[in-house]
Amino acid sequence: MPDFKTHRGLDWHYEISGTGDPIVMIHGLGASGHIWRAQKDFLQTDFQVVTLDLPGHGQSGWMPVTIKDMAADICQIISSLGVSQFSMIASSMGGLIALELYRMVPQDIMRFSLVGSVPKFAKGPNYPAGLDIDKIRFLSQQFDGDYASILDIFFRSLFTMKERESERFKWVKQFRQNEPLPGREALKHFLDILEKADLRDRIASVICPLQFITGTGDYICPRAIMDWVALHTHNARFDFMEGCGHLPFLVEAKEYNRLLEDFLLS
């Protein structure tokens, strides 16, 4: 599978499949590009799909990077593929990178879909996000202990009880067991980014078609913060998936794919 070394010397792993209008998919903390497997299989009939492993995740290399660094690196990868215009799909923290990427090349982005993602994840004055800073720091400290076990507990917390009792969740658990663990240093570094990142000033600048897909049971992106986002975006589309948590595209892939396709083709 392809790898690309950027100007800063970081090796990025990516996969590309299908033909048609390009789509770049950016995963969130603790995952890899393989997390989009059901979406890639669905989309590649009509689109050229590019999935990436973020630094320290999947098969990509690692060095400490900022949101801007990652967005700039992805720009290099896209340029190397000869892609001039593309749509973006991003999950969770990947949405922060996608927002920065949009700032860099707004003219290149055709459509922009975010799932379980907001421009700032940590709570603050008049900003009812789902993550307390103290809890983010505590999770980072826990990763210094039994890393694999704590990561598993964190992953389970991203799903609702209804999802965890579903047949599909058995597949999700098996899928995750076959994935390499992200680097401990990388995960702690990304948690620090989640604590401090604030891209609220970017959200109003997005003028291309914009979609937010959110599970109604997502504690990281509760309805209150999505209401805030709605007040600060221009004609964005909001789709809520009933009973889903932070990663609805894994457990309810068919419904998520339907919502995504409807947006991409509208």
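At 26% relative accessibility, does tryptophan 171 count as buried, partly exposed or exposed? Tryptophan 171 counts as partly exposed (buried is under 20% relative accessible area, exposed over 50%, partly exposed in between, with a 1.4 Å probe and protein chains only).

This is a predicted model: local features need pLDDT of at least 70, side-chain atom pairs count only at pLDDT 80 or more, and totals for chains, interfaces and linings use all residues. Residues are numbered from 1 along each chain as its sequence is written, and side-chain values use heavy atoms, leaving out hydrogens and water.

**Whole chain.** Show the cartoon. The protein has 12 helices and eight strands (DSSP runs numbered from the N terminus: helices are H or I, at least four residues; strands are E, at least two). Its C-alpha atoms fill a box of roughly 45 × 40 × 40 Å along the principal axes. Of the 266 residues, 55% count as buried.

**Aromatic pairs.** Select Phe, Tyr and Trp. The count comes to 10 aromatic pairs (ring centres within 6.5 Å, using the six-membered ring of Trp; planes under 30 degrees apart are stacked, over 60 edge-to-face, the rest tilted). Go to phenylalanine 143 and tyrosine 147. Their pair is edge-to-face, 5.5 Å centre to centre with 75 degrees between the planes. Both residues are buried.

**Helix 7.** Now select residues 167–177, which make up helix 7. Tryptophan 171 and phenylalanine 175 both lie here, four residues apart, about one turn of the helix. Their ring centres are 5.2 Å apart and their planes at 15 degrees, so the pair is stacked. Phenylalanine 175 counts as buried, at 12% relative accessibility.

**Last stop.** Select Trp36, Phe249 and Tyr256: they form one aromatic cluster.
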